[in-house]
Amino acid sequence: MSRSALGAPLTWGLPGFPHEPREPAVLREVPGALLTRVQRGPLRTIQVPTRWHRGAVYDADLRLVPESQKIGGLGGNQAVQADPLQVRRAQARGVETLSGTWLYGGHWIGHFGHFATETVPTLWPERSALGPVRGVLFHHYMSAGACPEESWAPWQRTLLDLTGWGDLPVRVVAPESLGVERLLVPSRPIVVNGWAHPEAARVWARMTAAAGGATSLVADGPRVYLSRTAFNDAERTAGREARTTADRDRALDAGFAALGFTVVAPETLPLLDQVRLVAGASVIAGCAGTALHLSAFAPPGVRVLELGDARSPGEQVPMQRVIDQVCGHPSAFVPHATDPADLPALLADLG
């Protein structure tokens, strides 16, 4: 068998963005900034997006700074920002105000894949070009609850450290608004399921270098399969739905091992080892989703083989297309309907 289950031959190619990129990434200086408190709620819609959230940056005249907003609603993304164009003066009265210059980092997201692909790329400004910066400010994403440092996951701290900004004080705005003497606001270099700008890839490359990973293609590097078997087993044990069956997970592990791939459960490795693993690979294979998004830390030229699952059985998930395109990763897609027993013929044809 030399074709996928859908009849199309498998070939390597650089995917296009799901949506045409809009305005380039910019850095805006906002004296007398106000970060409004987080609010959220449902939308009365038939399909996604189904939720709204507020919490953005406003200038000294209390006008919205649109560069501070997250663009949502593409490719099944369920939430959109709904900040007013201007807020009342009363919202700025009595708020705590930080002195000096701070950097705005966008949204502090509690999901590993989204933190790695959305939150940290917003820290794209080169620190050496900004002058003294006292710290980094975020909005808590889709949560009005407080987010003290003791509540952070270890991987959030590690990823923040790799960006080169982790040594500074960090504040996450949620239940209370916050004023800042001077705020630097980078626009988002990546839009979920939409597009990305080169600034996002530069942040990931900077993080890879900080982790000690390869920053250029290792042509004879290992071919790595990112297994979801252990992760999905844990999901099922916890009563949550997995996107593949246990039998298929194990068949994929065995199939890729037989083809000479290094089969790894990435969540069992320290995060720095995960980054170094994908950075040194020549091919990264895995099921669609968070684990395969680790490919963002791989240098240009690394090939990415995505396997469909129940969520996206017949085509690449949009966010993987965004990562592959901006990072310069030739990719190929194996539909979910493909029998794991057919992998040897498919991959032999792929080269």
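Trainee: How do the residues of the lining of the largest pocket divide into nonpolar, polar and charged?
Mentor: Keep in mind that this is a predicted model: local features need pLDDT of at least 70, side-chain atom pairs count only at pLDDT 80 or more, and totals for chains, interfaces and linings use all residues. Residues are numbered from 1 along each chain as its sequence is written, and side-chain values use heavy atoms, with hydrogens and water left out. Ala, Val, Leu, Ile, Met, Phe, Trp, Tyr, Cys and Pro go down as nonpolar, Asp, Glu, Lys and Arg as charged, and the others, Gly among them, as polar. Sorted that way, the lining of the largest pocket comes to 19 nonpolar, 18 polar and 10 charged.

Trainee: What volume does the largest pocket have?
Mentor: On a 1 Å grid over the protein atoms alone, a pocket is an open set of points with protein on both sides within 12 Å along at least five of seven lines, a cavity is a set where a 1.4 Å probe fits but cannot get out, and lining residues have an atom within 4 Å of a point. Points are joined across faces, edges and corners, and the volume is the space filled by probe spheres set on them. For the largest pocket that gives about 1200 Å³.

Trainee: Of the 47 residues that line the largest pocket, which are the closest to its centre?
Mentor: The lining draws at least two residues from each of α1 (112–119), α2 (154–163), α4 (229–237), α6 (271–279) and α7 (318–327); helices here are DSSP runs of H or I with at least four residues, strands are E runs of at least two, and both are numbered from the N terminus. α1 gives the most, with 5 residues. Closest to the centre are His-111, His-114, Arg-243, Thr-290 and Arg-311.

Trainee: How much space lies in the largest cavity?
Mentor: There is 1 cavity of 30 Å³ or more. The space inside is about 90 Å³.

Trainee: Why are the buried residues of α8 on the same side?
Mentor: In α8 (343–350), the buried ones are Leu-343, Leu-346, Leu-347 and Leu-350. They sit on the same side because of their arc, taken from the directions from the helix axis to the C-beta atoms. An α-helix has 3.6 residues a turn, so residues three or four places apart point the same way. The arc they cover is only 90°.

Trainee: What is the phi of Leu-62, a residue that is not a glycine?
Mentor: Leu-62 lies in the loop between β4 (57–58) and β5 (79–81). The residue is buried, with a relative accessible area of 4%. Its phi is positive, at about 65°.

Trainee: And where is Met-142 found?
Mentor: Met-142 also has a positive phi, near 55°. At 8% relative accessibility, it counts as buried. Its place is the loop between β7 (135–140) and α2.

Trainee: Which residues does a cis peptide bond join?
Mentor: Check the loop between β2 (39–42) and β3 (51–54), where Pro-49 is found. Omega is about 5° for the bond joining Val-48 and Pro-49.

Methods:
Buried < 20%, exposed > 50% of the residue type's maximum accessible area, 1.4 Å probe, protein only.
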